[in-house]
Amino acid sequence: MKHITFYKYVEIEDAEAFVKNHLEFCKFLDLRGKIHAGMEGINGSLSGEEKAIENYMESMKKDPRFNDIDFKISEIEKHAFGKMFVRLKKEIVSSGMGVNIKNKAPYIEAKELKKMLDNDEDVVLIDVRNSYEHEIGHFENAVMPKSETYREWPSIVESQLKKYKDKKIITYCTGGVRCEKATAYLKGQGFKDVSQLHGGIIKYGIECSDSHWKGKCFVFDDRRVVDLDPNKNNGPITQCVMCKMPSSELHNCAYVKCDKMFTACPECLKLLEGCCSRNCRNIKNRDSQREIKTPRFEEEIVA
Ligand SMILES: [Zn+2]
Ligand SMILES: [Zn+2]
């Protein structure tokens, strides 16, 4: 089976009808995954049989709006999603930033970045992803601002990144989509020399293996965590919150009011009844709340 991620900022007229038809088409191909589409473009992650994925990509490329879309393709064993969703969204990744995408920073290709890192060039690599993502794995020496959601970007720039304003900056995220608006925002704030990793970590892994990378890579599908290079099995760089053994199994605290992301081994997770700590477990049991928890992975980011 195959897995693909892709995005493109391009105007989709009558997005509502597009979403409806696109869902039908994906279901017809027996694909599973998540697609966000709207006036500003499309952002998706899909799994399916090789033939179906090929079929999907071919038909997208026949559409002039999407003919230059950059599909990142990987091999998988089984479906990476339970269902197929195509959702109508104002923003294809929720940011609230209100920037003009035309002001995005220029791209730097994966191989070019690798060369710069090989030569130990003076660049500041900034991880645009959330803390729970970069804790699982990240580029060596990257700047990793504390962040719970992408929507915090403007306040992160204000409180944690201003000191890099005059530096040569390269941003990266999982598939590249988050860097588009994040770099437009940086430029708007007077950052002088900004570029973005084209195709994100996923494409870097395909082209440059795990060079200059530490740990694993968080992904927004049922696999949750993958190796940058499927032929290399990198050990976890995170530990179980309880027994402190290496673990890259990420969970979302079952106590609704906590909602923290944490790593735990299967045994400890059972003991903690899905919570991030004994404390959360105890409060959860005391409150015996009936609130239904929406997993954090259902949130706004597709890839
Ligand atoms: Zn444990
Ligand atoms: Zn908790």
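## Close-up views of a strand and a zinc site

Thr171 stands opposite Gln196 in strand E10. Keep in mind as you look around that this is a predicted model.

**View 1. Strand E10 pairs with strand E9 in the parallel sense.** To get from E9 to E10, the chain passes through helix H6, residues 177-188. This β-α-β crossover is right-handed.

**View 2. Strand E10 also pairs with strand E6.** Here the partner is E6, residues 107-108, and the pairing is again parallel, over two bridges. Look for Ile108, which stands opposite Leu197 of E10. How many of the five residues of E10 are buried? Four of them are, so strand E10 (residues 193-197) is mostly covered, where buried means under 20% relative accessible area.

**View 3. Four cysteines hold the zinc ion (ligand 2).** The SG atoms of Cys253, Cys258, Cys276 and Cys280 coordinate the zinc ion at 2.3 to 2.4 Å. Why is the arrangement called tetrahedral? It is because the four donor atoms subtend angles of 104 to 115° around the zinc ion. As a handy reference, the ideal angle for four tetrahedral donors is 109.5 degrees.

View 4. Along the chain, the donors follow the spacing C-x4-C-x17-C-x3-C.

Technical notes: Residues are numbered from 1 along each chain as its sequence is written. Chains are lettered from A and ligands numbered from 1 in the order in which they are written. This is a predicted model: local features need pLDDT of at least 70, side-chain atom pairs count only at pLDDT 80 or more; totals for chains, interfaces and linings use all residues. Side-chain values use heavy atoms; hydrogens and water are left out. Buried means under 20% relative accessible area, exposed over 50%, partly exposed in between (1.4 Å probe, protein chains only). Helices (H or I, at least four residues) and strands (E, at least two) are DSSP runs, numbered from the N terminus. Two strands pair if DSSP finds at least two bridges between them. A crossover is right-handed if, with the strands pointing away from the viewer, the path from the first strand over the helix to the second runs clockwise. Donors are N, O and S atoms within 2.8 Å of the metal (3.2 Å for Na, K and Ca); water is not among the atoms, so sites may look incomplete. Four donors count as tetrahedral if all angles lie between 85 and 135 degrees; four count as square planar and six as octahedral if opposite donors are over 155 degrees apart and all others between 65 and 115; anything else is irregular.
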